Amino acid sequence: MRKKSKQVTPAPGPAIGHIRRAIVAMDLVCAGTVLKRWKLCGRPNCRCAEDPAARHGPYYEWSHRQDGRLRHNLLSAQQAEQMVRAIKNQRQILALLARWSQETARTIIAQKHAK
Ligand SMILES: [Zn+2]
């Protein structure tokens, strides 16, 4: 067995501290999209058949991939509002992760050149 090498972590810069705090502050995080839609009910004597403004709704539909398949769920207005916030948070986290990755690479490379 080889001796375990001592792990040295370079001190994170202020940019990484900011990114970590921003991620920790997130509450709801989710993938997918939310669509607001109006529907036709199919009854021939309903007003929605003739008048687009009389269509039923709004219905909120959350679409997301699960196990490689696209899935849809109907949400209440309150659930839709929460889901929209969760999706925004997820996008922000992904952007923050990309910056974290760049900052980490910069920190490690800078340390290597300092020696
Ligand atoms: Zn109708």
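**Figure 1. Lysine K88 in helix α2.** K88 lies in helix α2, which covers residues 77–114. Helices (H or I, at least four residues) and strands (E, at least two) are DSSP runs, numbered from the N terminus. This is a predicted model, in which local features need pLDDT of at least 70 and side-chain atom pairs count only at pLDDT 80 or more, while totals for chains, interfaces and linings use all residues. Residues are numbered from 1 along each chain as its sequence is written. K88 counts as partly exposed because it has 14 C-beta neighbours inside 10 Å. A residue is buried if 20 or more other C-beta atoms lie within 10 Å of its own, exposed if 12 or fewer, and partly exposed in between, with C-beta atoms placed from the backbone. K88 and L28 are separated by 60 residues in sequence, yet their C-alpha atoms are 9.2 Å apart in space.

**Figure 2. The sheet of three strands.** The sheet is open, its strand order is β1-β2-β3, and the pairing is antiparallel. At its edges stand β1 (33–39) and β3 (69–75), each of which pairs on one side only. From one strand to the next, the twist averages 35 degrees; axes are lines fitted to C-alpha atoms, for helices over the stretch in contact, and angles run from 0 to 180 degrees between N-to-C directions. Two strands pair if DSSP finds at least two bridges between them. Strands of a sheet pair through backbone hydrogen bonds, either parallel or antiparallel.

**Figure 3. The pairing of β1 with β2.** Strand β2 comprises residues 56–66, and six bridges join it to β1 in an antiparallel arrangement. T33 stands opposite S63 of β2, and K39 stands opposite H56 of β2.

Figure 4. G57 and P58 are joined by a cis peptide bond, with omega about 10 degrees. P58 has its place in strand β2.

**Figure 5. The pairing of β2 with β3.** Seven bridges connect β2 and β3 in the antiparallel sense. Y60 has L75 of β3 as its bridge partner, and S63 is partnered in β3 by H72. The number of buried residues among the seven of β3 is zero, so this strand lies largely in the open.

Figure 6. D67 is found in the loop between β2 and β3. The hairpin of these strands has two residues between them. Although D67 is not a glycine, its phi is positive, at about 55 degrees. D67 counts as exposed because it has 5 C-beta neighbours inside 10 Å.

**Figure 7. The setting of these views in the whole chain.** The chain contains two helices and three strands, which follow the pattern α-β-β-β-α along the sequence. Taken along the principal axes, the C-alpha atoms fill a box of roughly 80 × 35 × 20 Å. The radius of gyration is 24 Å, whereas a compact globule of 115 residues would have a value near 13 Å. This radius is taken over C-alpha atoms, and the globule rule is 2.2 Å times the number of residues to the power 0.38. Of the 115 residues, 4% count as buried. Among contacts between residues at least 6 apart in sequence, 57% join residues at least 24 apart; two residues are in contact if their C-beta atoms, placed from the backbone, lie within 7 Å.
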